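Q: Hi, I have a two-chain structure open here and would like to go through it with you. Could we start with the place where the chains touch?

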Amino acid sequence: MPSQTSYGDNLIAPCRVLDLTDDKGVFCTKLLADYGADVVRVEPPSGDPGRSKGPFPNDEPGMESSAYYLFYNTNKRSITLNLETSLGRSIFKQLAETADVVVESLPVGYLKNLGLDYESLSGSNPGLVMASISPFGQTGPWKDLKSSDLIAMAASGYMQITGEPDQPPVRQGNEQSHFPGAQYAAVAIMAALYHRDMLSGEGQYIDVSQQEALITFYTDAHPALAWMQMEQNVTRVGTNSTLVIPLGAYPCQDGWISAGVITPREWDSLAQWIYEVTGNEEILNEKYKGGNQERAPHMDVITALFLEFSARFTADELFHQGQKRNLVFLPVNDVSDLLHDTQLDASHLWTELNHDQTGVLKYPLGIFDSEDFAPAQSAAPSLGQDNQSIYEGELGLTAQEMAGLRSARVI
Amino acid sequence: MAKRALEGIRIVELGPYVALPLTGRILASLGAEVIKVETNKVLDEMAFIPAWSKGAGQPDYQRHKKRITLDVRTDEGKDLLLRLLAVSDVFMTNFRRNILSRWGVDFPEVRAARPDIVIMWQTGLGGNGPYYTYKSFGILVQHMSGVSLMSGSPGSPPVAVNTSYSDYHTGVFQPTAIIAALMRRGMQGKTATMESSIFRSGAVTAGPAILDYQLNNRLPERRDNRDSSAAPHGVYRCQGDDRYCAISVEGDEQWAAFCHVLGNPAWTQELRFSTAFARLNNQDELDRMVGEWTIQLTSKKVMDTLQQAGVPASIVSQGQDLHDSEHLKARDFYRETNYYVAERGTHASQWDEGPSLSWSMPFNMSKTPVEFGNYSNIGEDNSYVFGDLLGLSPTEIARLSEREVIY
């Protein structure tokens, strides 16, 4: 159980998390690490494949400089360990005896074959919380299917509603498919830790399905419900929406503006503004007034009137003037806009971290803004940087034993 | 029955839309008692969606909560909310501070009622800073957080998903911090007030591209469905209306398996497709050849034959596929639920009941139940909360209902 004084400025105590995740789970352990957990990334001696994934500074690949690895491994520690050797497995078992959490996203059944599944590890550590994040969950006919970011987007149907109506489905960029499962895993781990530390003393096993997590991340499109009630398949609507009408990303003088209307009052405000600018009385027609469903049949007319209006402004004018009229007008940003956004600065999103390969960079660690706690403040670890402190310091291995493990390619 | 993970925690949820209710539903499924405060006078617009069946979508967000009606804009309503907060562990809301202050339930008043309450304040763009009065929706935050310009092809308009996007990131971030703050309170005796924002949740996911811009002064490449190291990698048209199968072939082993499934036709043996590097350089031609194969088959057939050979492939699932999925049925993911047919201008107690379906949580836990629970109508739990919990007599509840305070 975490001690009473070990929290520092962090939201959670430095509980020990052994991190066996790949792309599917690395954001889960990052969340826990940024909150203050002592996350130890267990990498094969050749290094986590994430280290080989770009982008790299000046496009020069290096094991210690992948922006992908640096982003997803803030506030973690790193050890190397070859789980494919019996010695490696026995060392992992020893580490698991005192760990609070193990998180993995290996193929279903892989750890069981190595004797490192929850059943095997919890015997000597009943307080262990273990979470598996897999493409389709640990059970069911699809459990062993192969996946990837693209496949996850497809299998969940998230792609079915991304892109233009007359074009093929498009995946969202940035490997977005990995966030939902990783986030739910963090929720379940926190709940299991609460249950263990505040109520029962017992750990448990968590099974997270990436496919199901992604389905919940587009709940308001209600794909299965639309089939059940209407035998219709929801599909792509470009930048529009079937939920908020009108809504979209619209061309303006210098780029794009995104805008949307939900309430009857917002509609009245927008219609009045469009009328003031274009002088076209059609926009004030009674039949467009009310909620989204009243406007749904008239989208084409409304969109045409909106485009006539938006063409007369810059994005910045529309954003600020729209908001002053109590309307949801928002900029269409790229990554550089985020880095320069005054609101994100004021919200304490950014933490500057120094890393010897990259110098100081801004990282978006401030998911929550609070005077009561702060995100942890360490850059990602170098490969195996914590071997000595963990293997010698915690497991009591001698320097000689360490050398033996190294030459046997165990660490 | 096994003890629930968050047994004994009481949470008060005040606010509409997607992210906040989703947070409440997740915490309720883990065993917290989540009391949702609403009023018939100003209903959540989400109560009226989807457009084809108003209200049928609400169980996904509101299941397993205790739902009460209380007009917190009235003096008596405010007092009752503070009395409820005095016996609660968490207050979460997405109203602006100036509005909470006008009602007399801003954070100082809430802390006075319950000094160690954990407060989660969810904002759209951020509570402090230049946009603090500005409004937003999750669905548009995909444009504001940068992801729509990272998707699609170079030069194409922003690419959007037809959903509330970052509301879901926020909705699933919030439970982690709420549970963590409750543990911290239990262990250290310190409570927490924290603010989230939909904008910030989206920006967090911009990920490595944020570092790349700082390191190399460039924006992420828009790769559509393609990959920087694997090909073929995309969606391919199959038989049927709007049917596609996604295929991602990574490495030479999977390429060999892929070619074998196709019967090793001559084109697959050509030099221009012989290595991953060659395939990447000849992707347009490669995609055309793959598409000529897939169009002859159903997307399910393409998926099944490739997966049997160990090649990652999946149908682009449509609503019917998800609804009928044997896999999701085996995992008991979608379940039947009642719902109430929302009608504008009519008191919720008059709404008809009908059949709908809702997802269950996308995770299972081995020792504590992850509960589907029941679906209450707006105000259905008034007598439990006001009577059993706060000790109001039936006469008093009737009087306050008459005065449209409990309403």
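Q: Which side chain of chain B does Arg236(A) meet in a salt bridge?
A: Arg236(A) meets the side chain of Asp242(B), with 2.7 Å from N to O; a salt bridge here is a side-chain nitrogen of Lys or Arg within 4 Å of a carboxyl oxygen of Asp or Glu. This is a predicted model, in which local features need pLDDT of at least 70 and side-chain atom pairs count only at pLDDT 80 or more, while totals for chains, interfaces and linings use all residues. Residues are numbered from 1 along each chain as its sequence is written, and side-chain values use heavy atoms, leaving out hydrogens and water.

Q: How many salt bridges are there between chain B and chain A?
A: The count is five.

Q: And how many residues does each chain bring to the contact?
A: Chain B brings 150 residues and chain A brings 158 residues, where contact means heavy atoms within 4.5 Å.

Q: What area do they bury between them?
A: Chain B and chain A bury about 13,300 Å², with 65% of it on carbon and sulfur atoms; buried area is the accessible area (1.4 Å probe) that two parts lose on being put together, summed over both.

Q: Changing topic, which domains does chain A have?
A: The assignment gives domain 1 (16-217 + 350-407) and domain 2 (247-333), with bounds that come from an automatic or database domain assignment.

Q: How many Å separate their centres?
A: The centres of domain 1 of chain A and domain 2 of chain A, taken over C-alpha atoms, are separated by 43 Å.

Key: Chains are lettered from A and ligands numbered from 1 in the order in which they are written.
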